[in-house]
Amino acid sequence: MRAVRVTRTDGPESVEVLDVPEPVPGPGEVLVEVAAAGVAFPDLLMSRDLYQFKPELPFTLGGEVAGTVRTAPAGSGFSVGDRVAAYTVTGGFAPLATAPVDRVLPLPDGVGLVEASCCPLNYPTALFALRDRGGLREGQTVLVQGAAGGIGTASIQIARSLGARVISVVSSEEKADFVRRVGSHEVVLVDGFREAVDALTDGRGVDVVVDPVGGDRFTDSLRSLAPGGRLLVLGFTGGEIPTVKVNRLLLRNVDVRGVAWGVWANSHPGTLRKLWDDLMGLASTGAIDPPVHRTYRLDEAAEAVALLDGRGVLGKAVVVP
């Protein structure tokens, strides 16, 4: 079969489509016929050997897929032909991929396969961040950094579903229009966002900041918090890992909280499935609806990954094998 391979870690430009053997599922693994695979920031990082998980070269990119079950172990709860999504970490940009049973997720008939491929990473992250780590409550206000990307759009929709007011931070008017369509109540541009948030909240600040960006936005995000507010650290797409002077936390009674649901799920079995079941409940009401930037063929996958580097993806890019 043909697959999108990383043979050297020189970034998206070195990604190739090559012939590889079909994967053979190991004990406790499901073999999925991939209909669609979401493109995520870890794909970009792995293409440069910058991700915390470092697969042995060569490997196939693609960490989240949707499709149908080709084979499943007895007692897994899955049967041949079942519609599923899966968190594969690698191997998804191919016609076939394997995943451990506990990372394979049942897919309701009402959810399309392209849209479902956008969900296994970003939406559990957003729900775990806002509800479980952030303690978001109805009526509170959320500030979303990097709002036009995959994590950002998922956070907008999850925050709204929890009854929050959402203010999004974006870098252009095009992205501002986009996140309004996704569901953001208000939008501010990156330049001067702290002053704009201050004006929108009558000087109070926001209750929660979702920050997958880090870098030079971090300090002003922290300053945008209301007393008792929580800044949720989800990643560092801005490149720089920021530091915090803890006297700011002390004097203003605010928190900085790390969010890594994958690490949490590894030590808390059943976490991903519970998050997924809750998400599918929201999907059934229309509260979440992943925005798809566009679909890409296998031979266009490198282009899709490279667009993440330039923040050129609105919502989620999807590879269709």
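Student: Which residues does Leu 61 touch, not counting those up to four places away in sequence?

Tutor: Leu 61 touches Val 4, Val 6, Val 15, Asp 43, Met 46, Gly 91, Gly 92, Phe 93 and Val 305. Contact here means heavy atoms within 4.5 Å.

Student: What sort of model is this, and what are the ground rules?

Tutor: It is a predicted model: local features need pLDDT of at least 70, side-chain atom pairs count only at pLDDT 80 or more, and totals for chains, interfaces and linings use all residues. Residues are numbered from 1 along each chain as its sequence is written, and side-chain values use heavy atoms, with hydrogens and water left out.

Student: How many residues are in the largest nonpolar core, and which have the most contacts inside it?

Tutor: That core has 80 residues. Those with the most contacts inside it are Val 39, Leu 61, Phe 93, Leu 130, Val 142, Ile 158 and Val 179. A nonpolar core is a set of buried Ala, Val, Leu, Ile, Met, Phe, Trp, Tyr and Cys residues joined through side-chain atoms within 4.5 Å. Buried is under 20% relative accessible area, exposed is over 50%, and partly exposed is in between (1.4 Å probe, protein chains only).

Student: Which element gives the largest share of this core?

Tutor: Helix 3, residues 122-133, with six residues. Helices (H or I, at least four residues) and strands (E, at least two) are DSSP runs, numbered from the N terminus.

Student: And which domains does the core draw on?

Tutor: At least three residues come from each of domain 1 (2-120 + 290-319) and domain 2 (134-258). The domain bounds come from an automatic or database domain assignment.

Student: What other core lies apart from it?

Tutor: Another core of 15 residues, among them Ile 167, Phe 193, Val 209 and Val 233.

Student: How far apart are the domain centres?

Tutor: 29 Å, taken over C-alpha atoms. The contact between the domains takes seven residues from domain 1 and 11 residues from domain 2.

Student: Back to helix 3. Why call it largely enclosed by the rest of the structure?

Tutor: Because nine of its 12 residues are buried. They are Asn 122, Tyr 123, Pro 124, Thr 125, Ala 126, Leu 127, Phe 128, Ala 129 and Leu 130. Just after helix 3, Gly 135 takes a positive phi of about 60°.

Student: How do helix 3 and helix 10 pack?

Tutor: Helix 10 is residues 271-285. The two pack at an angle of about 90°, with their axes 10 Å apart. They are therefore roughly perpendicular to each other.

Student: What are the conventions for axes and angles?

Tutor: Axes are lines fitted to C-alpha atoms, for helices over the stretch in contact, and angles run from 0 to 180 degrees between N-to-C directions. Under 35 degrees is roughly parallel, over 145 roughly antiparallel, 65 to 115 roughly perpendicular, and the rest oblique.

Student: Which residues make the contact of helix 3 with helix 10?

Tutor: Helix 3 uses Tyr 123, Pro 124, Leu 127, Phe 128, Arg 131 and Asp 132. Helix 10 uses Leu 272, Lys 274, Leu 275, Asp 278 and Leu 279. By class, this contact has seven nonpolar, no polar and four charged residues. Ala, Val, Leu, Ile, Met, Phe, Trp, Tyr, Cys and Pro count as nonpolar, Asp, Glu, Lys and Arg as charged, and the others, Gly among them, as polar.

Student: New topic. Is Val 39 buried or exposed?

Tutor: Val 39 is buried, with a relative accessible area of 3%. It sits in the loop between strand 3 (29-38) and helix 1. Leaving aside neighbours within four places in sequence, Val 39 is in contact with Phe 93, Ala 304, Val 305, Leu 308, Lys 316, Ala 317, Val 318 and Val 319.

Student: And Gln 140, buried or exposed?

Tutor: Gln 140 counts as buried, at 8% relative accessibility. It is found in the loop between helix 3 and strand 9 (141-144). Leaving aside neighbours within four places in sequence, Gln 140 contacts Gly 135, Ala 164, Arg 165, Asp 207 and Arg 230.

Student: What about Asn 253?

Tutor: Asn 253 has a positive phi of about 55° although it is not a glycine. It is exposed, with a relative accessible area of 57%, whereas Asp 49 is partly exposed, at 39%.
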